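Dear colleague,

I am passing on the structure below, together with notes on what turned up when I went through it. Please read the notes with the model open beside them.

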Amino acid sequence: IPDTYIQQAARIRSLFRHASVGANIKNGLDCLRGITDQNGRRPDFCDRGLSPQEILYNSKYDNRSWIFEFHSPPPGQNPGWWNKVNYFVQAVDQNAHLYDVMSFKFGYVDAQIGSDIDNAFFSRNPRDPYPGIEDIEALMQRHPDKIIPLWTMGLAVAIGTPDSTSFNEQMREYARQNNVILMDIADILSHRPDGSPCFDNQGRGLPALCTDYTEEVNGGHLNARGSLRMAKAYWLLMAYIAGWQGP
């Protein structure tokens with residue numbers, strides 16, 4: 001990314017609402033900026049398990065205008081996928097004047113086997129009690145001067161599920177049809193650094209988090225490599241919003 005667009009992206013006032021994987025992404029962004037601990041040393045979690053060639057940080061990647069906050073305070077930061085929508089809508093309506101870009105994401109816990117998120121979020125059924133894409137569309141209409149990117153759902157080693165796969169495919173199609181900015185975290189983290197795909201460890205053959213990006217056997221929290229990969233992706237997103245057209 002040219003330095004001009006890095007500087008412009010750094011000035012964007014952004015809000016991102018998330019659960020624990022979002023905190024991993026925030027750590028990756030801070031490590032990319034080159035944070036140090038109280039003793040002036042680089043935290044171990046920034047580079048643990050990385051080869052020297054993978055380690056990257058530079059103070060020009062200044063992410064301090066990008067606010068990350070939990071959907072709800074820990075330990076309840078996963079309040080149900082429907083409340084993640086509701087709380088995000090409330091946050092935008094109450095605080096839109098503070099930000100230029102506002103977004104949120106669902107987590108892998110929202111797509112356990114049998115989850116209704118893939119059916120309910122895109123249903124547009126007025127009798128459906130759940131919030132959905134129509135609520136996000138109404139939010140965009142109320143705040144036409146704000147950029148509200150969408151995200152696919154994060155995955156875990158054991159999730160890919162039929163529900164997460166269905167939801168993510170619908171989200172991609174919606175973004176294509178409606179020309180909406182999409183951060184495809186599911187696609188980014190279900191491919192190894194060499195580009196080869198990863199699948200769930202339950203034998204279903206569904207896209208899932210690559211073990212390259214986590215230390216967990218079944219879970220979806222990111223290690224240093226996964227956090228850095230998503231930090232780079234976040235900078236690309238913000239650079240495009242800042243006007244960069246890509247290489």
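The expected span of a helix is taken as 1.5 Å times one less than its number of residues, and helices (H or I, at least four residues) and strands (E, at least two) are DSSP runs, numbered from the N terminus. Before going further, please note that this is a predicted model, in which local features need pLDDT of at least 70 and side-chain atom pairs count only at pLDDT 80 or more, while totals for chains, interfaces and linings use all residues. Residues are numbered from 1 along each chain as its sequence is written, and side-chain values use heavy atoms, with hydrogens and water left out.

The buried residues of helix 4 are Trp 81, Asn 83, Lys 84, Val 85, Phe 88, Val 89, Ala 91 and Val 92, where buried means under 20% relative accessible area, exposed over 50% and partly exposed in between, with a 1.4 Å probe and protein chains only. Among the elements that cover these buried residues are strand 1, strand 3 (101–104), helix 5 (117–120) and helix 6.

Helix 4 (residues 81–95) packs with helix 6 (residues 133–142) at an angle of about 5 degrees, their axes being 11 Å apart; axes here are lines fitted to C-alpha atoms, for helices over the stretch in contact, and angles run from 0 to 180 degrees between N-to-C directions. The two helices, helix 4 and helix 6, are therefore roughly parallel to each other, given that angles under 35 degrees count as roughly parallel, over 145 as roughly antiparallel, 65 to 115 as roughly perpendicular and the rest as oblique. On the helix 4 side the contact (heavy atoms within 4.5 Å) is made by Val 85, Phe 88, Val 89, Val 92 and Asp 93, and on the helix 6 side by Asp 135, Ile 136, Leu 139 and Arg 142. By class, this contact has six nonpolar, no polar and three charged residues, with Ala, Val, Leu, Ile, Met, Phe, Trp, Tyr, Cys and Pro counted as nonpolar, Asp, Glu, Lys and Arg as charged, and the others, Gly among them, as polar.

Leaving out residues up to four places away in sequence, Trp 66 touches Ala 9, Ala 10, Ile 12, Ser 14, Leu 29, Tyr 234, Trp 235 and Met 238.

Eleven of the 14 residues of helix 2 are buried, so helix 2 is largely enclosed by the rest of the structure. Its buried residues pack against strand 1 (14–18), helix 3 (44–47), strand 2 (66–70), strand 4 (150–151), helix 8 (185–189) and helix 9.

Leu 222, in the loop between helix 8 and helix 9, is buried at a relative accessible area of 11%. The C-alpha atoms of Leu 222 and Asn 24 are separated by 6.0 Å, although these residues are 198 residues apart along the chain.

**Backbone points to check**

A cis peptide bond, with omega about 5 degrees, joins Pro 74 and Pro 75. Arg 124 is not a glycine, yet has a positive phi of about 55 degrees, and at 42% relative accessibility Arg 124 counts as partly exposed. Asn 179 likewise has a positive phi, near 55 degrees, and is exposed, with a relative accessible area of 73%.

With best wishes
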